[in-house]
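Okay, thanks for coming, everyone.

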Amino acid sequence: ISAVGIISRSLSVTVRDALNQALDEELERDERVFLMGEEVAQYDGAYKVSRGLWKKYGDKRIIDTPISEMGFTGIAVGAAMAGLRPICEFMTFNFSMQAIDQVINSAAKTYYMSAGLQPVPIVFRGPNGASAGVAAQHSQCFAAWYAHCPGLKVVSPWNSEDAKGLLKSAIREDNPVVFLENELMYGVPFEMSEEAQSKDFTIPIGKAKVERQGSHVTLVSHSRLVGHCLDAAAVLAKEGIECEVINLRTIRPMDVETIEASVMKTNHLVTVEGGWPQFGVGAEICARVMEGPAFNYLDSPVTRVTGVDIPMPYAKILEDNSVPQIKDIIFSVKKTLNV
């Protein structure tokens, strides 16, 4: 009987459905929350993340917009300043470049420039990073772009539990949050604990999670590539190499303490990300570790695994060679450990 009880408590939920649950619960919890973006209402969302919400909450709360990012992002930021709690969806974060002035100058800086008098509680969300077969203009990772800016919090979930708990925290947060999802993860199912199924479940912004304990090398990643790191760790374990895998969850503020504690234990560090190398998330981790107490514990230089430093090619074979694969992570771990 107890075994049956355990099975029924944990559910398999896709990342898409986890995000949908979070939106539904927060729309229900606080009537100031509303969602706007392209195709979010009548079409149920370009990726069906907002499925059923327009039917349930109507035109006032779930708002279809024209294809004009600068316009509707500006409306959303103004609504946040006026006391509402908008969720502004970009069909992909590549299109947020149309509205980056609103995100940075209007949303991120206002709380500071008003000496703390004017909060801007807004969530900018949508798929970020490389999808598949959509070439250079639709395949960028914006984690480093937005994490560069004080005034924003930048969140990058990996699995369903991350997605639900962090989106709920982002919506309740009184500062602007850039919430970076991944298109290739939407349909992937993950086990969701009983705790995560509760309406009160949140994950604190700014805290990383150790997804796998290990003693030989630390792998730090975010979003979809956390899964690649776990797959690489499983292969390496068969060869006697134990990897500790850290899921960053939040890019800004970055949880450097968790990374440092792991490096002090393993003495080796490999960072893994889908974005470009120059001034990237991995570059920042390298700098922070070097400046902090963990530097003296390193037995070899930190290695970065990143996307290739080119605009994303369209051809499939070139695309596969432009984004980190499991074999690239395994190669870098062995290089770092001098195996």
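So, at what angle do helix H4 and helix H5 pack? The angle is about 15°, and the two axes sit 10 Å apart. H4 covers residues 69-81 and H5 covers residues 100-108. With an angle like that, H4 counts as roughly parallel to H5, because the cut-off is under 35 degrees. H4 passes H5 in a right-handed crossing. If you want to find the contact on screen, look on H4 for Met-70, Thr-73, Gly-74, Val-77 and Met-81, and on H5 for Gln-102, Val-103, Ser-106 and Ala-107. By class, that contact is five nonpolar residues, four polar and no charged ones. And please keep in mind that this is a predicted model.

Let me zoom out for a second. The protein has 13 helices and 14 strands. Its radius of gyration is 20 Å, close to the 20 Å that the globule rule gives for 339 residues, so it is as compact as a globular protein of that length. Along the principal axes, the C-alpha atoms fill a box of roughly 60 × 55 × 45 Å.

Now for an annotation. UniProt, in an unreviewed entry, lists residues 13-188 as "domain: Transketolase-like pyrimidine-binding". In the model, that stretch is 36% helix and 16% strand.

Next pair: helix H2, residues 15-29, and helix H8, residues 160-172. Their axes come within 8 Å and cross at roughly 25°. That makes H2 roughly parallel to H8, and this crossing is right-handed.

Helix H9 is residues 225-238 and helix H13 is residues 326-337. The axes come within 9 Å, and the crossing angle is roughly 60°. That makes H9 oblique to H13. The crossing of H9 and H13 is right-handed. From H9 you have His-228, Cys-229, Asp-231, Ala-232, Val-235 and Leu-236, and they meet Ile-326, Ile-329, Ile-330, Val-333 and Lys-334 of H13. The tally for this contact is eight nonpolar, one polar and two charged residues.

Okay, on to the backbone. Most residues other than glycine have a negative phi, and most peptide bonds are trans. Here are two spots to look at with that in mind. Lys-48 is not a glycine, yet its phi is positive, at about 65°. You'll find Lys-48 in the loop between strand E2 (33-37) and helix H3 (53-57). Then there's the peptide bond from Arg-252 to Pro-253, which is cis, with omega near -5°. Pro-253 is in the loop between strand E12 (250-252) and helix H10 (256-266).

Ile-205 itself lies in the loop between strand E8 (189-192) and strand E9 (209-212). As for Gln-325, 120 residues along the chain from Ile-205, the C-alpha atoms of those two are separated by 28 Å.

Definitions and conventions
Residues numbered from 1 in each chain as written. Predicted model: local features only at pLDDT ≥ 70, side-chain atom pairs only at ≥ 80, totals over all residues. Heavy atoms only, no water. Axes fitted to C-alpha atoms, helices over the stretch in contact; angles between N-to-C directions. Helix = DSSP H or I, 4+ residues; strand = E, 2+ residues; numbered from the N terminus. Parallel < 35°, antiparallel > 145°, perpendicular 65-115°, else oblique. Left-handed = near helix turned anticlockwise from the far one by under 90°. Contact = heavy atoms within 4.5 Å. Nonpolar A, V, L, I, M, F, W, Y, C, P; charged D, E, K, R; others polar. UniProt positions renumbered as here; feature names shortened; annotations may be inferred. Rg over C-alpha atoms; globule rule 2.2 N^0.38 Å.
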